[in-house]
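I opened this notebook to record what I looked up in one structure. The entries follow the order in which I made them.

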Amino acid sequence: MSDETSSQHQVCIAGTGSYLPERVLTNADLEKIVETSDEWIFSRTGIRERRIAAEGEFTSHMASKAGAKALEQAGITADQVELIIVATITPDTLTPATACYVQQQLGAFGAVAFDISAACSGFLYAMKLAKRLISDGAFSNALIIGAEKLSTFINWEDRNTCVLFGDGAGAAVLRRAAPEEGSILATEMGTDGRLCHLIQIPGGGSALPITPENIGQHLASLTMMGKEVFKHAVNRMKESAEKVIERAGLKPEDIALVVPHQANLRIIDAIAERLSVPPERVFVNLQKYGNTSAAAVAIALDEANRSGAIKRGEHVVMVVFGAGLTWAAAAVRW
Ligand code: UT7
């Protein structure tokens, strides 16, 4: 789905931020919990360690900390924020939305706030939505956040999944761009609900409530058919990245940096190769944080931005993939 044509205002990314909890869980730590090895985890995924939120540290707390940093960099105060969208599959509560807690914690009481649930694709879903709402004139700025406390929804006895995921948050401030500023050039997103069974948290919702009888069965934990997901991830990410590159009028050599979803280094390498982008122009930080779902691309974007890996005027392509199945991409002139 694309909607670039009727934009009235150009929209830029005015600031980014991220927050990672302090506690580090290494592959060596996991060797003591399940039958696995640093060698297996690193060679199959590229992950060395991940962060785990403290007890009492919720998704909203991480989201607010990342959001505050993005606002500071954008030079926008909390009371000026008009829209907050939090992308998460690990909300503080089923209702109200995590974005409402974030509004409260930031003191952004003038903002409309809601969540979207699109798993690892959520941050770029939020970006497309916010971009459209700003370009149409409904809002003049938005704080979009990807935040996850996946450690709560992991079966720590399942080696197929517990080695893969981590906690964290990333954020960006979008606002109307002045003519000389960069802008979001093209966005793309897609969904295939026929494959919703490939990644799920099956229990804890209305379909399968947690009851005293089933409470020990880890039904509110994430399950994933990894091999199947892998194939779809490579194909869909490649296709959606190609679409935004073409729609933005770019060629692979014009792209200074690809910032992909951080799930598996083998997926990232396969996409880079298919897009003809050399590895040094692909941002990777999954060795430090694992897969943080909606937060992953947002954290990566912030690290790329703050480390100087992206410079003003350069072209950046973000591309993501996750449960749903969902996928999305965005091409930006920084
Ligand atoms: O963020 C949402 C999108 N998610 C993704 O993009 C994830 C996509 N999938 C993947 O990244 C990979 O499929 C995984 C990393 C999840 C798994 O890698 P794989 O190369 O597909 O391994 P596999 O699932 O086929 O498992 C291979 C073997 C199995 O043993 P057998 O059946 O061959 O004897 C597993 O039981 O590795 C075994 N295994 C492990 N061994 C040691 C699975 N997990 C572990 C583990 N440690 N943690």
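**Entry 1: Two serines in loops**

I began with Ser293, which is found in the loop between helix 9 and helix 10. Helices (H or I, at least four residues) and strands (E, at least two) are DSSP runs, numbered from the N terminus. The model is predicted, so local features need pLDDT of at least 70 and side-chain atom pairs count only at pLDDT 80 or more, while totals for chains, interfaces and linings use all residues. Residues are numbered from 1 along each chain as its sequence is written, and side-chain values use heavy atoms, with hydrogens and water left out.

The phi of Ser293 is near 50°, a positive value in a residue other than glycine. Is Ser293 buried or exposed? Its relative accessibility is 1%, so Ser293 counts as buried. I used these limits: buried is under 20% relative accessible area, exposed is over 50%, and partly exposed lies in between (1.4 Å probe, protein chains only).

I then turned to Ser276, in the loop between helix 8 and helix 9 (286–289). Ser276 also has a positive phi, near 60°. Because its relative accessibility is 54%, Ser276 counts as exposed.

**Entry 2: Helix 8**

Helix 8 spans residues 265–275, and its buried residues are Ile267, Ile268, Ala270, Ile271, Ala272 and Leu275. An α-helix has 3.6 residues a turn, so residues three or four places apart point the same way. The cover over the buried residues includes helix 7 (226–247) and strand 11 (255–260); contact here means heavy atoms within 4.5 Å.

Which strands form the open sheet, and in what order? I found four strands in the order 8-13-12-11, with mixed pairing. Strand 8 (183–191) and strand 11 stand at the edges with a single partner strand each, so one side of each has no neighbour in the sheet. Two strands pair if DSSP finds at least two bridges between them. From one strand to the next the twist averages 10°.

Strand 11 and strand 12 (residues 315–322) run parallel and are joined by five bridges. Leu257 is opposite Val316, and Ile255 has His315 as its bridge partner. Helix 10 (residues 296–306) packs on the sheet, touching strand 11 and strand 12, and its direction makes about 145° with that of strand 11. Axes are lines fitted to C-alpha atoms, for helices over the stretch in contact, and angles run from 0 to 180 degrees between N-to-C directions.

Strand 12 and strand 13 run antiparallel, joined by eight bridges. Val316 also stands opposite Val332 in strand 13.

How many residues of strand 12 are buried? Eight of the eight are buried, so strand 12 is largely enclosed by the rest of the structure. On one side I noted His315, Val317, Val319 and Phe321, and on the other Val316, Met318, Val320 and Gly322.

The hairpin of strand 12 and strand 13 has three residues between the strands, and Gly324 there takes a positive phi near 145°. A cis peptide bond joins Gly324 and Leu325, with omega about -10°.

**Entry 3: Another cis bond**

I also noted the peptide bond from Thr95 to Pro96, which is cis with omega near 0°. Pro96 is found in the loop between strand 4 (83–87) and helix 4 (98–106).
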